Amino acid sequence: MIRLFVLIILFCYSTVAFAIDKEKFCKIIKKYQDKSFQTSNGLKLQQLRRKRKKDLSSLKSKAFEWKGKIAAIDSVGSEYAYVSVRICEDTYVKTWNNEFSDMTSKTLIHIDSKMFDQLIEFSEGDEVKCSGKFSSSKDDYFMETSMTEKGSLLEPEFLVKFSSFEEVN
């Protein structure tokens, strides 16, 4: 019993203690937003994305606990919710917005979950404190869901598995 308690404490501590620093994350994203805004050259964009991946990998963690604003929130089918949270300028952490895309990622929030109950209280524009983990990606280090290189760099949308939402006072 004591071992279980210690493991739970260590897990909770490690999630918070080793969470990504939001300021560092946003600084990396902004650096590549600024550079990609200056070009439409596909080769340069490809190279910028690769460099951003390297910089993101220096963060060493996939866990986060950040404040942001809900950019989108809605139901998916009859059992799920999706949510997108703006965490820095033109940068979002989000779940998929459809069950097909989410088949393997499992980021959507089920209606029977505690998180669904938390989300019911929020609307677009509300400030929240959210936590979770980034999904991995060979292309971006953290999975980014934009359809184009330019979109990936200018307005990235990172796929995450949320673990909690809280109201910000």
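**Aromatic pairs and the core**

Colleague: How many aromatic pairs does the structure hold?

Modeller: This is a predicted model, and the structure holds 13 aromatic pairs. In one of them, the ring centres of F25 and W66 are 5.0 Å apart and the planes stand at 40°, so that pair is tilted.

Colleague: Where do F25 and W66 lie?

Modeller: F25 belongs to helix 2 (residues 22–37) and W66 to strand 1 (residues 63–76), so the pair ties together parts that are 41 residues apart in sequence. Both F25 and W66 are buried.

Colleague: And F134 with F142, is that pair stacked or tilted?

Modeller: F134 and F142 are stacked, at 4.2 Å centre to centre and with 20° between the planes. F134 counts as buried because its relative accessibility is 4%, and F142 counts as buried because its value is 0%, where the cut-off for buried is under 20%.

Colleague: Which residues form the aromatic cluster?

Modeller: One cluster is formed by F25, F64, W66, F134, Y141, F142, F158, F162 and F165. The ring of Y141 also has the charged end of K62 sitting over it, 4.2 Å from the ring centre.

Colleague: What about the largest nonpolar core, which residues have the most contacts inside it?

Modeller: That core has 34 residues, and those with the most contacts inside it are F25, V85, F134, F162 and F165. Among the elements that give two or more residues to this core are helix 2, helix 3, strand 1 and strand 8 (157–167). Leaving out residues up to four places away in sequence, V85 touches residues including G68, I70, V93, C130, F162 and F165.

Colleague: Changing topic, which residues of helix 2 are buried?

Modeller: The buried residues of helix 2 are F25, C26, I28, I29, Y32, Q33 and S36. Seen down the helix axis, they fall within an arc of 155°, so they line one face of helix 2. On the other side of helix 2, E23, K24 and K27 are exposed.

Colleague: How far does helix 2 reach?

Modeller: Helix 2 has 16 residues and reaches 22 Å from its first C-alpha to its last, which is close to the 22 Å expected at 1.5 Å a residue.

Colleague: Last one: is R49 buried or exposed?

Modeller: R49, found in helix 3 (residues 42–57), is buried, with a relative accessible area of 13%. Apart from neighbours within four places in sequence, R49 is in contact with D140, E144, E149, S152 and L153.

Methods
Residues numbered from 1 in each chain as written. Predicted model: local features only at pLDDT ≥ 70, side-chain atom pairs only at ≥ 80, totals over all residues. Heavy atoms only, no water. Helix = DSSP H or I, 4+ residues; strand = E, 2+ residues; numbered from the N terminus. Buried < 20%, exposed > 50% of the residue type's maximum accessible area, 1.4 Å probe, protein only. Contact = heavy atoms within 4.5 Å. Phe/Tyr/Trp six-rings, centres within 6.5 Å; stacked < 30°, edge-to-face > 60°. Lys NZ or Arg CZ within 6 Å of the ring centre and 35° of its normal. Core = buried A, V, L, I, M, F, W, Y, C linked by side-chain atoms within 4.5 Å. Expected span 1.5 Å × (residues − 1). Arc of directions from axis to C-beta.
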